Amino acid sequence: MEFLLDTANLEEIKKYEAIIPLAGVTSNPSIVKKEGKIDFFKHMKQIRDIIGKDRTLHVQVVATDYEGMLKDAEMIAAQIDSEVYIKVPTSEIGLKVMKELKCRGMNVTATAIYTKFQAYLAIAAGADYLAPYFNRMENLNIDAKTAIQEIAKEIARTNSSSKILAASFKNIAQVNAALEAGAQSATMGCDIIKQAFSMPSIEQAVVDFTADWESIYGQGTAIYNL
């Protein structure tokens, strides 16, 4: 199970890299926009420096034509590193790009997946990661959980090395549903992670444990200062 951050904010990445078992970072043009007009490649390199080479970094092409997407991919790999995962929309042109990138030995993340058929085509094209948009699928009355289950079955049936990188979440319940349906990984904004720990009962349990301990050993004591 892999947990990735869907953000380009350096401070958020630094914070949660120290807290969660982070597997990588994903970005897209909409996420980059939130950071303002940054020095794009310098910024991506800073993310790489924070997470290291052992974690995955996913960067999306912006061009919409075949040659342009390939040039974007080449530039991303040249300016960041050869380990980066090139995010490519799972469209007609995108699938053609994925096939070519895999022929070149590059890492590929098939993104903007709304249907099982898109995912099946991306699996056949050799994509390393498949990114179904969970919340957006639900907004279109598509059963995202069932779709992920069927995608996972296809990966197993074909003995594919593709992994499902579920994305587009509005709450923790959706993340849980995606993982329980068979997604090997999930990428989420830091707001989703904050949701996971915002339950008042968690903090109350900590307060209660501390109170019980201090009632025996005295206020302000801990195990380390007994």
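# A conversation about rings, loops and helices

Colleague: Let's start with one residue. Is Tyr129 buried or exposed?
Modeller: Tyr129 has a relative accessible area of 4%, and please keep in mind that this is a predicted model. A residue under 20% counts as buried. The value for Tyr129 is 4%, so the word for Tyr129 is buried.

Colleague: How many aromatic pairs does the structure hold, and which residue pairs with Tyr129?
Modeller: The structure holds five aromatic pairs. One of them is edge-to-face, with 5.3 Å from centre to centre and 80 degrees between the planes. In that pair, the partner of Tyr129 is Tyr85.

Colleague: How many residues apart are Tyr85 and Tyr129?
Modeller: Tyr85 belongs to strand β4, which covers residues 85-89. Tyr129 belongs to strand β6, residues 129-132. Their pair links distant parts of the chain, and the separation in residues is 44.

Colleague: And what is the relative accessible area of Tyr85?
Modeller: Buried means under 20% relative accessible area. Tyr85 is buried as well as Tyr129. For Tyr85 the value is 14%.

Colleague: Why does the pair of Tyr114 and Tyr133 count as edge-to-face?
Modeller: The ring centres of Tyr114 and Tyr133 lie 5.5 Å apart, with the planes at 75 degrees. Two rings pair if their centres are within 6.5 Å, and planes over 60 degrees apart make a pair edge-to-face. With its planes at 75 degrees, the pair is therefore edge-to-face.

Colleague: What parts does that pair tie together, and how many residues apart are they in sequence?
Modeller: Tyr114 sits in the loop between β5 (107-113) and α6 (116-124). Tyr133 sits in the loop between β6 and α7 (134-139). The pair therefore ties together two parts whose separation in sequence, in residues, is 19.

Colleague: Which residue lies over the face of Tyr66?
Modeller: Look at the ring of Tyr66 from its face. At 4.3 Å from the ring centre you will find Lys96.

Colleague: What is the phi of Asn141, and where is Asn141 found?
Modeller: Asn141 has a positive phi, near 60 degrees, in a residue other than glycine. Asn141 is exposed, at 75% relative accessible area. Its place is the loop between α7 and α8 (144-157).

Colleague: What about Asn159: what is its phi?
Modeller: Asn159 is found in the loop between α8 and β7 (163-166). Asn159 is exposed, with a relative accessible area of 70%. Although Asn159 is not a glycine, its phi is positive, at about 55 degrees.

Colleague: Which residues is Phe3 in contact with, leaving aside neighbours within four places in sequence?
Modeller: Phe3 lies in strand β1 (residues 2-6), and at 25% relative accessibility it counts as partly exposed. Leaving those neighbours aside, its contacts are Pro21, Leu22, Ala23, Gly24, Leu179, Ala186 and Met188.

Colleague: How are the C-alpha atoms of Thr64 and Gly94 separated?
Modeller: Thr64 is in the loop between β3 (56-60) and α4 (66-79), and at 64% relative accessibility it counts as exposed. Not counting residues up to four places away in sequence, Thr64 touches Met69 and Ile93. Thr64 and Gly94 are 30 residues apart along the chain, and the separation of their C-alpha atoms is 8.5 Å.

Colleague: Which helix is the place of Pro200?
Modeller: Pro200 is at 64% relative accessibility, so it counts as exposed. From Pro200 to Ile20 there are 180 residues in sequence and 20 Å in space, C-alpha to C-alpha. The helix of Pro200 covers residues 200-217 and is α11.

Colleague: Finally, the whole chain: how many helices and strands are there, and what share of the residues counts as buried?
Modeller: The secondary structure comes to 11 helices and eight strands. The C-alpha trace spans about 70 × 40 × 30 Å along its principal axes. Of the 226 residues, the share that counts as buried is 44%.

Methods
Residues are numbered from 1 along each chain as its sequence is written. This is a predicted model: local features need pLDDT of at least 70, side-chain atom pairs count only at pLDDT 80 or more; totals for chains, interfaces and linings use all residues. Side-chain values use heavy atoms; hydrogens and water are left out. Helices (H or I, at least four residues) and strands (E, at least two) are DSSP runs, numbered from the N terminus. Buried means under 20% relative accessible area, exposed over 50%, partly exposed in between (1.4 Å probe, protein chains only). Rings of Phe, Tyr and Trp (its six-membered ring) pair if their centres lie within 6.5 Å; planes under 30 degrees apart count as stacked, over 60 as edge-to-face and the rest as tilted. A charge sits over a ring if NZ of Lys or CZ of Arg is within 6 Å of the ring centre and within 35 degrees of the ring normal. Contact means heavy atoms within 4.5 Å.
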